[in-house]
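Thanks for coming. Please have a look at it on the screen.

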Amino acid sequence: VPEVYVNLDENSYKIKLEQRGLNELGSYMRDLKLGCNALVITNPVIKQCYGDIVQASLVTAGFTAWVEEIPAGEETKSFAWAMQLYERAIRLGMDRKSPIIALGGGVVGDLAGFIAATYMRGIPFIQVPTTLLAQVDSSVGGKVAVNHPLGKNMIGAFYQPKLVLIDPDTLNTLPDREWLSGFAEVIKYGVIQDTDFFDLLAGENLTNLRTDLPKMTQIIQRACEIKARVVSADEKETGLRIILNYGHTIGHALESATDYKRYTHGEAIAIGMVGAARLANLIGWLPDGECQKIAAVIAGYGLPIRFSSIDQAVIEERLYHDKKKEGTSIRWVLPRAIGGVDTTTDIPVELIRQVLVELSS
Ligand SMILES: NC(=O)c1ccc[n+]([C@@H]2O[C@H](COP(=O)([O-])OP(=O)(O)OC[C@H]3O[C@@H](n4cnc5c(N)ncnc54)[C@H](O)[C@@H]3O)[C@@H](O)[C@H]2O)c1
Ligand SMILES: [Zn+2]
């Protein structure tokens with residue numbers, strides 16, 4: 001079974017990638033010496049597809065498996081739902097050794113992880129991501145959170161799982177738009193760290209990859225390796241980890257300016273990556289050809305590279321409210337070449353405006 005090791009001293013863990021791996025969840029967890037009272041957090045759609053497999057696997061391995069559903073959707077990543085789940089955990093007699101398993105996308109993962117991080121000051125946490133975005137991004141790295149009415153992911157922690165189990169077969173039921181959303185993050189890894197990976201992606205297309213899960217498994221593994229390396233070097237986001245934010249500065253502004261309704265996260269950062277590449281191009285970091293190549297590959301996967309009908313002033317206002325800004329200036333993550341990024345706060349506002357105008361034309 002392919003594995004990626006996330007090296008974080010005493011918080012280290014493995015990411016296992018395995019088709020039909022859901023069936024093995026119980027036996028992998030048994031090796032971790034956890035309590036036997038296990039709580040699976042999921043949503044109705046995912047439970048319908050994979051709940052029985054996961055439950056059977058846990059029961060066979062000797063766990064008592066409780067399955068708790070939360071509604072699908074970003075609104076569920078809330079304190080109100082956290083409270084419901086704490087209550088459930090207490091009533092089930094979960095103790096400090098009882099594991100929580102997140103079976104789902106980033107919403108389930110972030111919320112379940114937040115519960116695991118805080119219930120009794122932290123109990124074992126297992127990630128079983130079922131969206132491409134969760135498999136390549138949110139399940140790796142230990143950021144857990146709930147939203148506050150005043151801002152997304154405002155309340156949270158760094159809390160590493162004991163195991164991440166990725167079963168690429170779960171992607172078979174994933175809707176088209178969620179595939180695309182995850183692919184934006186996959187392409188991001190190529191641009192920020194790995195020219196060969198970018199070229200590999202440039203030579204593929206979504207239609208073929210969707211039916212070639214062995215190849216997808218390799219792609220997910222490569223993405224996890226890159227994220228794991230960055231996270232190992234900077235667990236708490238005080239340095240290198242900022243490079244994962246490539247495309248997210250403009251991306252977050254677009255999501256916020258459209259009330260998180262128009263774009264999936266991946267669609268917004270796809271446009272953001274094109275914008276950041278162009279900024280890099282305008283300041284002389286990124287050659288024309290590579291700038292165009294980034295946009296072409298993103299567009300080739302069917303992701304948007306432009307936006308329309310959003311007021312420039314609103315986007316600018318959201319840009320300067322991005323929580324990753326430093327003081328008043330934005331720390332931009334910009335490519336020097338495909339496969340390597342750098343950061344700068346030294347970008348004239350006129351250039352930002354020019355790029356926003358280009359992106360909306
Ligand atoms: N913790 C982190 O580091 C991190 C990183 C990136 C994003 N996030 C968070 O992740 C969340 C977004 O995650 P997401 O994109 O996975 O969205 P999501 O969790 O909302 O899932 C998207 C949709 O896909 C459905 N779904 C999930 N798996 C499925 C499957 N296998 N088959 C069919 N349908 C399935 C879900 O029911 C949902 O409707 C956001 O809240 C974001 O803040 C966290
Ligand atoms: Zn992202």
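Let me start near the end of the chain: do strand 10 and strand 11 pair in the parallel or the antiparallel sense, and over how many bridges? The sense is antiparallel, and five bridges join strand 10, residues 332-337, to strand 11, residues 340-344. Before I go on, note that this is a predicted model. Strand 10 and strand 11 make a hairpin, with two residues between them. In the turn, Gly-339 has a positive phi of about 110 degrees. Within the pairing, Pro-335 is opposite Val-341 of strand 11.

Now the overall picture. There are 14 helices and 11 strands in the chain. The radius of gyration is 20 Å, close to the 21 Å given by the globule rule for 361 residues, so the chain is as compact as a globular protein of that length. The C-alpha trace spans about 60 × 40 × 35 Å along the principal axes.

Next, the sheet. In general, the strands of a sheet pair through backbone hydrogen bonds, either parallel or antiparallel. Here seven strands form an open sheet with mixed pairing, and the order is 1-2-9-6-5-3-4. Strand 1, residues 3-6, and strand 4, residues 64-69, are the edge strands, each pairing on one side only. From one strand to the next, the twist averages 20 degrees.

One pairing in detail: strand 2, residues 13-17, and strand 9, residues 163-166, run parallel and are joined by four bridges. Leu-17 has Ile-166 of strand 9 as its bridge partner.

Which helices lie across strand 3? One is helix 2, residues 44-60, which lies across strand 3, residues 37-42, as well as strand 4 and strand 5, residues 100-104. Helix 2 runs at about 170 degrees to strand 4. Another is helix 4, residues 106-118, which lies across strand 3, strand 5 and strand 6, residues 125-129. Helix 4 runs at about 170 degrees to strand 5.

The rest of my time goes to helix pairs. Two packed helices are described by the angle between their axes and the distance between the axes.

First pair on my list: helix 10, residues 248-257, packs on helix 13, residues 312-319, at an angle of about 120 degrees, and their axes are 8 Å apart. That angle is why helix 10 counts as oblique to helix 13. The crossing of helix 10 past helix 13 is right-handed. On the helix 10 side the contact is made by Thr-249, Ile-250, Ala-253, Leu-254, Ser-256 and Ala-257, and on the helix 13 side by Val-314, Ile-315, Arg-318 and Leu-319. Those residues divide into seven nonpolar, two polar and one charged.

Helix 13 also packs on helix 14, residues 349-359, at an angle of about 130 degrees, with the axes 11 Å apart. Helix 13 and helix 14 are therefore oblique to each other, and helix 13 passes helix 14 in a right-handed crossing. Helix 13 brings Gln-312, Ile-315, Glu-316 and Leu-319 to this contact, and helix 14 brings Ile-352, Arg-353, Leu-356 and Val-357.

At what angle do the axes of helix 11 and helix 14 cross? Roughly 135 degrees, and the axes of helix 11, residues 265-282, and helix 14 come within 10 Å. Helix 11 and helix 14 are therefore oblique to each other, and the crossing is right-handed. Ile-271, Val-274, Gly-275, Arg-278, Leu-279 and Leu-282 of helix 11 meet Leu-351, Ile-352, Gln-354, Val-355, Glu-358 and Leu-359 of helix 14. By class, that contact has eight nonpolar, two polar and two charged residues.

That is the end of my part.

How values were computed. Residues are numbered from 1 along each chain as its sequence is written. Chains are lettered from A and ligands numbered from 1 in the order in which they are written. This is a predicted model: local features need pLDDT of at least 70, side-chain atom pairs count only at pLDDT 80 or more; totals for chains, interfaces and linings use all residues. Side-chain values use heavy atoms; hydrogens and water are left out. Two strands pair if DSSP finds at least two bridges between them. Axes are lines fitted to C-alpha atoms, for helices over the stretch in contact, and angles run from 0 to 180 degrees between N-to-C directions. Contact means heavy atoms within 4.5 Å. Angles under 35 degrees count as roughly parallel, over 145 as roughly antiparallel, 65 to 115 as roughly perpendicular and the rest as oblique. A crossing is left-handed if the near helix is turned anticlockwise from the far one by less than a right angle, and right-handed if clockwise. Ala, Val, Leu, Ile, Met, Phe, Trp, Tyr, Cys and Pro count as nonpolar, Asp, Glu, Lys and Arg as charged, and the others, Gly among them, as polar. The radius of gyration is taken over C-alpha atoms; the globule rule is 2.2 Å times the number of residues to the power 0.38.
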